[in-house]
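Please look through the sequence and the model below before reading on.

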Amino acid sequence: MSLSAWLKRISDNSAQQESASVGGVEESVARQLEILQSLTTLSGEGRLEEMLSVLVRGLHDGLGMDRVVFCAVEPADRIQGRLGAPDEEFAKTFHFTLRRQMADSLSRAMEQGGFVESMPSDATRRPVVLPDSLAASLRDVPFLFGVLQLGGRTMGAVYADRTTTGRPLSESVVEGFRHLVRQANLLMGRAAANRGTGSTFSA
């Protein structure tokens with residue numbers, strides 16, 4: 001799907017599903033386009049760390065998520081929150097150990113790439129299996145989780161939810177999250193190549 005077609009669909013779905021004002025929808029679409037433009041500019045300059053900050057803040061401000069966390073792969077297969085929006089408090093508590101046997105849904109995503117959509121109230125969806133360290137806090141929370149990779153290797157992921165306000169994760173929000181994460185993956189690969197770091201990341 002082209003960028004223009006995606007933005008039009010986001011606008012149409014937001015108007016229908018979230019009953020947003022025309023001005024609000026237009027502002028949201030414009031903000032998401034601004035995020036992609038910022039990521040593109042930073043990728044051309046090889047500024048990976050700043051791209052992650054733009055992505056996290058963009059998911060919060062542009063897509064309207066309440067809590068967003070970038071978590072990085074650290075030594076001993078520890079996954080730890082490193083950046084957060086609107087603040088760092090939730091990010092500090094977001095951590096789990098990667099299970100190589102892929103016993104939980106987040107470890108499986110980290111191993112294989114892709115996305116996790118947790119919608120606990122939707123009986124038609126397969127339940128998400130959470131890591132032990134997140135089971136208590138996220139068991140009943142609808143959330144989105146997208147893996148970030150460099151050079152074919154997983155370097156982290158972004159988590160997002162709307163648990164503070166209780167607003168639903170509508171189809172347009174899920175699609176917007178997926179699109180932004182996919183574009184971020186492509187552009188971070190470009191950024192790494194431009195600064196000659198390959199799959200190396202430091203924050």
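Axes are lines fitted to C-alpha atoms, for helices over the stretch in contact, and angles run from 0 to 180 degrees between N-to-C directions; helices (H or I, at least four residues) and strands (E, at least two) are DSSP runs, numbered from the N terminus. This is a predicted model, in which local features need pLDDT of at least 70 and side-chain atom pairs count only at pLDDT 80 or more, while totals for chains, interfaces and linings use all residues. Residues are numbered from 1 along each chain as its sequence is written, and side-chain values use heavy atoms, with hydrogens and water left out.

Helix 3 (residues 48-61) packs with helix 7 (residues 171-195) at an angle of about 170°, their axes being 10 Å apart. That makes the two helices roughly antiparallel, a term that applies to angles over 145 degrees. In contact, meaning heavy atoms within 4.5 Å, residues of helix 3 including Leu52 and Leu55 meet residues of helix 7, among them Leu180 and Ala184.

Two strand pairs follow, where pairing requires that DSSP finds at least two bridges between the strands.

| Strands | Sense | Bridges |
|---|---|---|
| Strand 1 (residues 67-74) and strand 2 (residues 78-85) | antiparallel | seven bridges |
| Strand 2 and strand 3 (residues 95-97) | antiparallel | three bridges |

Cys71 has Gly81 in strand 2 as its bridge partner, whereas Gln80 has His95 in strand 3.

Phe94 lies in the loop between helix 4 (89-93) and strand 3. Phe94 is buried (under 20% relative accessible area), with a value of 1%. Not counting residues up to four places away in sequence, Phe94 touches Cys71, Gln80 and Gly81, among others.

Definitions and conventions
Parallel < 35°, antiparallel > 145°, perpendicular 65-115°, else oblique. Buried < 20%, exposed > 50% of the residue type's maximum accessible area, 1.4 Å probe, protein only.
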